[in-house]
Amino acid sequence: MGRTDYIAMKTDEPAAAANYDSLNSDIKELKLAAKKFANHAAQLLGAGFATSFLQWLAAIAAIYLLVLDRTNWKTNMLTSLLVPYIFLTLPSILFNLLRGEVGKWIAFIAVVLKLFFPKHYPEWLDMPSQLIILLVVAPSLFTNYVRGGWIGLIICFIVGCYLLQEHIRACGGFRNAFTKANGISNAIGIVLLFVYPVWALIVKIL
């Protein structure tokens with residue numbers, strides 16, 4: 001009887017050791033999976049924050065150039081292209097706000113002023129009012145698939161390229177565009193138009 005108990009105890013030890021090793025292996029795999037998850041989450045959050053920040057920066061730069069064109073810039077460039085650029089890069093918070101009732105009221109007031117009080121309607125309000133109207137009336141299919149998609153990003157990049165080469169031509173060369181006192185701020189604003197589409201395209205490719 002005692003012999004049998006001894007044999008049973010000896011055979012239980014390898015089984016317990018195997019179970020312990022298996023548990024350790026499972027714990028290591030869980031730790032490794034948690035580390036991978038944390039790394040991927042950090043990368044995604046970092047990329048998302050960078051994209052959001054650059055989107056705000058590009059939209060602000062485009063609005064700055066639009067205001068500048070309506071006040072001091074007075075260039076012959078096709079700066080109306082900044083309207084679709086802002087439409088495509090405007091952050092979702094502002095986009096949804098202006099696309100809702102707030103934007104509808106602004107568009108309504110702008111149309112009423114333009115129709116019934118044309119003499120009191122300032123010229124510099126043309127572009128902003130057209131932007132608001134575009135935000136309000138754009139079809140959902142267009143806003144859902146073009147904004148933030150490949151097509152929208154490529155359009156933004158082309159707009160930036162056009163404005164940059166036209167600015168360089170108007171200043172009389174690349175050097176003058178980035179050295180003249182009255183051209184530096186414009187050049188910086190135009191260069192900032194590239195940051196969001198280029199970054200977003202890189203993120204999509206990778």
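Student: With which residues is S129 in contact, leaving aside its neighbours within four places in sequence?

Tutor: A contact is defined as heavy atoms within 4.5 Å. By that criterion, and with neighbours within four places in sequence left aside, S129 is in contact with A110 and Y121. The model is predicted: local features need pLDDT of at least 70, side-chain atom pairs count only at pLDDT 80 or more, and totals for chains, interfaces and linings use all residues. Residues are numbered from 1 along each chain as its sequence is written, and side-chain values use heavy atoms, with hydrogens and water left out.

Student: Where does S129 lie, and is S129 buried or exposed?

Tutor: Helices (H or I, at least four residues) and strands (E, at least two) are DSSP runs, numbered from the N terminus. S129 belongs to helix 5, residues 126-137. Buried means under 20% relative accessible area, exposed over 50%, and partly exposed in between, for a 1.4 Å probe and protein chains only. S129 has a relative accessible area of 12% and is therefore buried.

Student: How many helices and strands does the protein chain have, and what percentage of its residues count as buried?

Tutor: The protein chain has 9 helices and 0 strands. Its 206 residues include 31% that count as buried. Among contacts with a separation of 6 or more, 75% join residues 24 or more positions apart.

Student: How is the packing of helix 3 and helix 5 to be read?

Tutor: Two packed helices are described by the angle between their axes and the distance between the axes. The axes are lines fitted to C-alpha atoms, for helices over the stretch in contact, and angles run from 0 to 180 degrees between N-to-C directions. Helix 3 (residues 92-99) packs against helix 5 at an angle of about 85°, and the axes are 8 Å apart. Angles under 35 degrees count as roughly parallel, over 145 as roughly antiparallel, 65 to 115 as roughly perpendicular and the rest as oblique. Helix 3 and helix 5 are therefore roughly perpendicular to each other. F95, L98 and R99 of helix 3 meet I132, L135 and V136 of helix 5.

Student: Which residues touch the most other members of the largest nonpolar core?

Tutor: In soluble globular proteins, nonpolar side chains tend to be buried together. A nonpolar core is a set of buried Ala, Val, Leu, Ile, Met, Phe, Trp, Tyr and Cys residues joined through side-chain atoms within 4.5 Å. The largest core here holds 36 residues, and L82, Y85, F87, L135 and L193 touch the most other members. Helix 7 (150-171) gives the most to this core, with 7 residues. Leaving out residues up to four places away in sequence, L193 touches L82 and Y85, among others.

Student: Why is helix 2 described as largely enclosed?

Tutor: Helix 2 is largely enclosed by the rest of the structure because 7 of its 8 residues are buried. These are L82, V83, Y85, I86, F87, L88 and T89. L131, in helix 5, touches V83, I86 and F87, with residues up to four places away in sequence not counted. L131 counts as buried at 11% relative accessibility.

Student: What places A59 beside this region?

Tutor: A59 lies in helix 1 and is buried, with a relative accessible area of 3%. The C-alpha atoms of A59 and Y85 are separated by 7.9 Å, although the two are 26 residues apart along the chain. With neighbours within four places in sequence left aside, A59 is in contact with T89, L90 and P91.
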